[in-house]
Amino acid sequence: MTEAPSTAGGSAQGWTARLVVSTILLAMVLEALGLGATMVSIGLPSILKEFPTTQGGWLTTAYFLTGAISAPLLGRAADLYGKRRVLLVTMAVSGVGAMLCALAPTFGVLVLGRALQGPILATLSLIPSLIRDVFPPKQATLASSVVITGLGLFSLFTPLLVGWLVLVGGFRGMFWFDVVWTFALCIAIRLVLPESSLRRAARLDVLGGTLLTLGVGAVLLYVSMGRTWGWISPVGLLLLAGGALLLVAFFRHARRAEDPIVNLALFRRKPLVFVAFGGAIAYGISITISQVLPLLALTPRQAGVTYGLGLTTFQYAGIGTPQALAQVAAGLLLGFLVGRGRHPRLFLCIGLGVYVVGAAAIILLNGSFLGLALAALVIGFAGGLTTASVPNLVMRATPAGDQGSTAGAVQLCQTGFSAITPIVMFAVLAPTATVFPGGGVVYGESGFRTWLVVAAVMALVALVIGVTGAARAPGGGDRRARRRAATGRRVPCGRRTHAGGRHPDRLTSGCARPARAGALPHRSQEAGPWPRHPPSRPTSSSSAPARPGSTAPTARGSAACAPRSSTRCRSAAARSPRCTRRRRSGTSPPSPGRGAARSSLP
């Protein structure tokens with residue numbers, strides 16, 4: 001059972017000081033999330049100088065892998081124990097991870113600290129739901145927009161801030177800043193923001209999360225260490241086989257579990273498959289290129305030989321800030337155009353194509369500051385288009401009741417794939433690495449070029465699938481179903497019409513849902529050679545012909561179908577012509593036994 005939500009500072013008093021402070025604090029939490037994801041990319045050369053290793057990709061992989069697995073688990077825990085409580089615990093664990101990174105004596109401890117920082121990614125979904133629960137409805141909408149928008153605006157200054165922190169205190173300085181920021185926010189949120197009183201029965205799929213984490217981790221460890229151990233070494237092959245078996249066990253568990261960490265049935269919808277696949281490819285490319293750019297810019301020319309600008313981390317802000325600005329501008333442009341009727345799938349495809357151009361620009365123009373800044377600008381624009389298009393596509397491809405679980409599954413695909421790509425990239429770079437005795441690792445330009453070509457090919461494949469695949473135009477699946485219906489092919493109501501079940505609103509009388517008085521016709525009832533199913537029996541004692549202009553009866557078994565509000569209902573109605581009887585005006589008396597089922601539409 002749920003209780004009435006408590007509000008931060010009253011309901012009808014408008015914006016109070018407590019509401020304003022709460023909004024600022026929650027926005028700063030998401031800024032800490034963006035800082036944690038960006039600072040390692042900029043500080044990576046400094047980290048590799050102190051810990052010479054070719055396994056630098058694990059700093060990003062550990063962060064995103066634990067974040068991807070913990071996000072759905074923490075979301076369910078928030079429904080059980082309270083959203084503010086889970087938010088504070090998550091931030092405290094992230095703060096401990098940042099402290100461990102700042103004190104790390106070895107590279108392994110540094111990776112462990114990054115893994116503890118990863119769960120803060122769950123705040124990206126926890127904070128909007130907390131705002132919805134504790135803020136008054138009118139203020140909740142604006143507060144959510146301000147909090148989410150703040151994440152993009154702060155990214156404009158992140159390169160400058162991180163560059164200054166690394167310049168002053170090394171890579172440990174940026175982690176100490178993260179420690180102070182995170183724990184200060186924990187204390188402030190505990191004092192200012194109330195707890196949500198809403199509770200919902202939920203089940204934590206700990207087994208599924210464990211199987212997925214261990215399986216993916218084992219496979220990635222084989223990929224990253226295969227060159228050192230030998231690709232056919234017994235230890236490596238045993239690790240690979242064990243990871244594969246764990247992943248098979250995870251998929252079997254996800255298909256049978258009542259509430260799995262990943263609902264595989266959602267991905268039977270073809271438009272959603274493209275959203276998850278294209279979004280994951282774009283996010284993975286963005287994460288790896290954000291590491292390639294600092295390595296190209298900060299490496300001295302003497303060490304890089306054929307590349308390297310020798311910039312300081314503070315000077316790198318001249319490249320990183322325009323990239324962040326282009327990303328924010330692309331997101332705003334997409335929001336404006338989608339609001340004017342453009343389909344977000346178009347922008348996801350454009351963003352994937354721009355990634356191909358950006359990868360080529362980095363290969364050709366990395367020898368000068370202006371050329372690398374221009375390439376970063378292109379990459380930022382592509383990142384803004386792809387990142388902003390995914391949530392809009394999820395809303396269009398999913399019924400309203402499933403959008404929460406679907407968004408979580410798509411986010412898991414994105415963060416999970418972004419945990420894999422850094423390991424693969426550093427495995428590609430490893431053969432060209434040179435470890436200097438005094439510290440530091442420098443990769444050859446041929447390794448960067450190879451990975452950028454791989455990234456461009458991945459973006460191109462996703463683009464081709466988006467243009468020629470199943471998710472072509474808005475309502476493509478419905479259009480095909482209507483064409484099948486127009487040819488006279490009858491689809492029984494009992495046939496599966498959507499992933500995971502039968503027609504959601506099927507009634508035994510043959511009509512999906514009674515019509516409301518004065519309701520407009522459903523689009524499946526528009527003019528066309530729609531097949532009809534046999535008439536149902538009269539549902540009322542009156543069998544007199546209906547007068548023109550009258551409305552259909554609302555009793556169960558009525559032959560008129562109401563408009564559907566969800567995509568699933570519209571799709572199911574288009575696929576099941578027997579459930580979509582079209583009403584016409586009374587041009588002739590109804591046949592005996594049909595009763596008042598042939599009334600006219602307004």
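Reader: So helices are DSSP runs of H or I with at least four residues, strands are runs of E with at least two, and both are numbered from the N terminus. How many helices and strands does the chain have?

Author: The chain has 18 helices and two strands. This is a predicted model: local features need pLDDT of at least 70, side-chain atom pairs count only at pLDDT 80 or more, and totals for chains, interfaces and linings use all residues. Residues are numbered from 1 along each chain as its sequence is written, and side-chain values use heavy atoms, with hydrogens and water left out.

Reader: Good. Where is Val305?

Author: Val305 sits in the loop between helix H11 (301-304) and helix H12 (317-339). Its phi is near 65°, a positive value in a residue other than glycine.

Reader: Is Val305 buried or exposed?

Author: Exposed, because its relative accessible area is 61%. The cut-offs are under 20% for buried, over 50% for exposed, and partly exposed in between, with a 1.4 Å probe and protein chains only.

Reader: What share of the chain is buried?

Author: Buried residues make up 50% of the 602 residues. The accessible surface of the chain is about 26,600 Å². Carbon and sulfur atoms account for 66% of that surface. Areas come from the Shrake-Rupley method with a 1.4 Å probe, and for residues only the protein chains shown count as cover.

Reader: Switching to salt bridges. How many are there?

Author: The count comes to two salt bridges. The rule asks for a side-chain nitrogen of Lys or Arg within 4 Å of a carboxyl oxygen of Asp or Glu.

Reader: What joins Glu50 to Arg172, and where do the two lie?

Author: Their side chains meet in a salt bridge, 2.7 Å from N to O. The pair links distant parts of the chain: Glu50 is in helix H1 and Arg172 is in helix H7 (residues 158-192), 122 residues apart. Glu50 counts as partly exposed because its relative accessibility is 41%. Arg172 is also partly exposed, at 22%.

Reader: And which residue does Arg449 pair with?

Author: Glu445, with the closest N and O atoms 3.6 Å apart. Both lie in helix H16 (residues 445-468). They are four residues apart, about one turn of the helix.

Reader: Is Glu445 buried or exposed?

Author: Buried, since its relative accessible area is 14%. Arg449 is partly exposed at 36%.

Reader: Helix packing next. How do H1 and H5 run relative to each other?

Author: The axes of H1 and helix H5 (residues 123-134) come within 10 Å and cross at roughly 170°. H1 and H5 are therefore roughly antiparallel. Leu26, Val29, Leu30 and Leu33 of H1 make the contact with Thr123, Leu124, Ile127 and Ile131 of H5.

Reader: What are the rules for axes, angles and contacts?

Author: Axes are lines fitted to C-alpha atoms, for helices over the stretch in contact, and angles run from 0 to 180 degrees between N-to-C directions. Under 35 degrees is roughly parallel, over 145 roughly antiparallel, 65 to 115 roughly perpendicular, and the rest oblique. Contact means heavy atoms within 4.5 Å.

Reader: And H2 with H3, at what angle do they cross?

Author: At roughly 135°, with the axes of H2 and helix H3 (residues 83-103) coming within 7 Å. H2 and H3 are therefore oblique to each other. Leu74, Ala77, Ala78, Asp79 and Tyr81 in H2 meet Lys83, Arg85, Val86 and Thr90 in H3.

Reader: What about Thr53, where does it lie?

Author: Thr53 is in the loop between H1 and helix H2 (58-81). It is buried, with a relative accessible area of 15%.

Reader: Which residues does Thr53 contact?

Author: Leaving aside its neighbours within four places in sequence, Thr53 touches Leu48, Phe107, Val441 and Tyr443. The C-alpha atoms of Thr53 and Ala433 are separated by 9.2 Å, though the two are 380 residues apart along the chain.

Reader: Last one. Which residues form the nonpolar surface patch?

Author: Trp15, Val20, Ile24, Met28 and Leu142, with about 420 Å² of accessible area together. Helix H1 (residues 17-50) gives the most, with three residues. Patch residues have over 30% relative accessible area and no salt bridge; like charges are joined within 9 Å, and nonpolar side chains (Val, Leu, Ile, Met, Phe, Trp, Tyr) within 5 Å.
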